[in-house]
Every structure is written in structure tokens, then in C-alpha cells.
Amino acid sequence: MSVATMIIIGLFAVAGVAFLVVEVLARRPGSTIPTFGDLTAAILRFEVSRIPVGRIGVYGFWWWVGWHFFAR
Amino acid sequence: MEQPRPVTVETGAGAPGWDRAQVMLPVFAVIALLGGLFPSFSLSANLLVVLVGGVMCWLGLAGRLGRRPAPTRLRRGALAWLVPVLTLALVELYTFSRKDPAHPTLSLLADPVLDGYLARAACYFVWLAGFWGLVRR
């Protein structure tokens, strides 16, 4: 494994740890940071002219993730 | 002291009784064990993802299932989520633009893991459970 590959894996790990850290901070009492669930829920509820744009976008993204990893 | 929030406060008209975790998680386990058998690029793998994803999208957009409570407005602290999201997006964008195996994308790194049946089935289950969580939100 090259040094470049290890750096890239490290950066992905940093992103993963950052997700965990922000989630832990969000769950502290009195935190102004929404949890990831609340953030996602707010995005899901986003509508334009009663069209559920947020829901279509998030479902489409998650559908694509499954297709990309399990079918491609 | 912070009070625990109810699991569901909004229930769609005529919400079915089968949408409980005790019912859905075993169903997802069966689908994941089946999905883990299908190799990438196979017709069966494509059909299963398209079918399951299509049903999930339909359930979520139809809005007949109970949904968990959601905040009406996001607090300013939501900007903190930009740190992990942008980190992930920038690293992925950089590796994707390099098109070099020495700078692997997330999916290239996942390939050897998803080659094993158990890991593939476990990841399939996580994907399904995540989709269900989105449908119920």
C-alpha cells in the first residue's frame, strides 16, 4: 500500500470521526447543533410548491448509494 | 431533565400495522441475505436494488406510514455538519478526479470488503435499515 493510499484512507477516516464528533456534540444537553436525524428530517420536509423536493432528493441519493455499491 | 421524545407522533391516515421494527427488520434480514448472494453487475443485483428502492420511495412519498417528529426549523448550529460533509465530499471529489488506484475512491476501498458474502449482506442490511429510517422520518 502506497503512502498516498494511506493518506486517502486516513482522510476518509477523519471524515468518519468528524461525523461521530458532531453527532456526540449534538446530543449534549442544550446543544444548538441538531442531531443528524433531525437534520435529515428537516431536509426531507423541504418542499417547493408542495412538491417534496427534499424527500425526492434524499431518497434518490440513498437509492443511488445502494445501486452503486451493490449492483455496480 | 430532557424528556424522551415519542417514537411516532404523526401517523398517516390508515397507517398499517406491519410497519413496526419487529416486522420489518426480519424482512430486511431476508432481503439482505438474498442480496448478498448477487454479485455486482449482475442482472439480479440490479433488479433487487431497483425493486426494493422503488418500493421504499413509493412508501416514503405516499406518506401513509407513521413518521417520527421533526424540527420545524433548523438551528444555526446545523452549520457544524458542514465540517464532516465537506471533508468527505472534498476527499471523494479529489480521489474521483485523480482516477488513480493509488488515490482510491470510497467505492474502490469498499470493493474488497463487499466481495465477502457476510460483509456484503451486512452492508445490504444497513442500507435497507437506513432507507427505512428515511421513509419513517
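Biologist: Where does Arg50(A) sit, and what is its phi?
Modeller: Arg50(A) is found in the loop between α2 and α3 of chain A, and its phi is positive, about 65°, although the residue is not a glycine. Most residues other than glycine have a negative phi. Helices here are DSSP runs of H or I with at least four residues, strands are runs of E with at least two, and both are numbered from the N terminus.

Biologist: Changing topic, how many helices and strands does chain B have?
Modeller: Chain B has 5 helices and 0 strands, and of its 137 residues 20% are buried. Among its contacts between residues at least 6 apart in sequence, 76% join residues at least 24 apart, where two residues are in contact if their C-beta atoms, placed from the backbone, lie within 7 Å.

Biologist: What does UniProt annotate as transmembrane region in chain B?
Modeller: The unreviewed UniProt entry places "transmembrane region" at residues 21-41, 47-66, 78-97 and 117-135 of chain B; positions are given in the numbering used here, feature names are shortened, and annotations may be inferred rather than shown by experiment. In the model, residues 117-135 of chain B are 100% helix and 0% strand, with end C-alpha atoms 27 Å apart. Residues 78-97 of chain B are 80% helix and 0% strand, and there the end C-alpha atoms lie 29 Å apart.

Biologist: And which residues of chain A does that annotation cover?
Modeller: For chain A the unreviewed UniProt entry gives residues 6-26, a span that is 100% helix and 0% strand in the model, with its end C-alpha atoms 30 Å apart.

Biologist: How many residues does each chain put into the contact between them?
Modeller: Chain B contributes 42 residues and chain A contributes 39 residues. On the side of chain B that touches chain A, the largest share, 8 residues, comes from α2(B). That side of chain B has 27 nonpolar, 11 polar and 4 charged residues, with Ala, Val, Leu, Ile, Met, Phe, Trp, Tyr, Cys and Pro counted as nonpolar, Asp, Glu, Lys and Arg as charged, and the others, Gly among them, as polar.

Biologist: What about the largest nonpolar core, which residues have the most contacts inside it?
Modeller: That core has 23 residues, and those with the most contacts inside it are Phe70(A), Val49(B), Tyr124(B), Leu128(B), Phe131(B) and Leu134(B). A nonpolar core is a set of buried Ala, Val, Leu, Ile, Met, Phe, Trp, Tyr and Cys residues joined through C-beta atoms within 7 Å. The largest share of this core, 8 residues, comes from α5(B).

Biologist: What does Val49(B) touch, leaving aside neighbours within four places in sequence?
Modeller: With those neighbours set aside, Val49(B) is in contact with Gly66(A), Trp67(A), Phe70(A) and Ala71(A). There is also a second, separate core of 6 residues, which includes Val22(A), Ala26(A), Leu39(A) and Ala80(B).

Biologist: Last topic, what are the scores of the model, and where is pLDDT below 50 in chain B?
Modeller: The model scores ipTM 0.90 and pTM 0.87. Chain B averages a pLDDT of 88, and 88% of the residues score at least 70; pLDDT is the predictor's confidence in each residue, from 0 to 100. Over residues 1-9 of chain B the pLDDT is below 50, and this stretch has 7 contacts in the model beyond near neighbours in sequence. Where pLDDT is low, the predicted coordinates should not be read in detail.

How values were computed:
Residues numbered from 1 in each chain as written. Chains lettered and ligands numbered in written order. Predicted model: local features only at pLDDT ≥ 70, side-chain atom pairs only at ≥ 80, totals over all residues. Buried ≥ 20, exposed ≤ 12 C-beta atoms within 10 Å, placed from the backbone.
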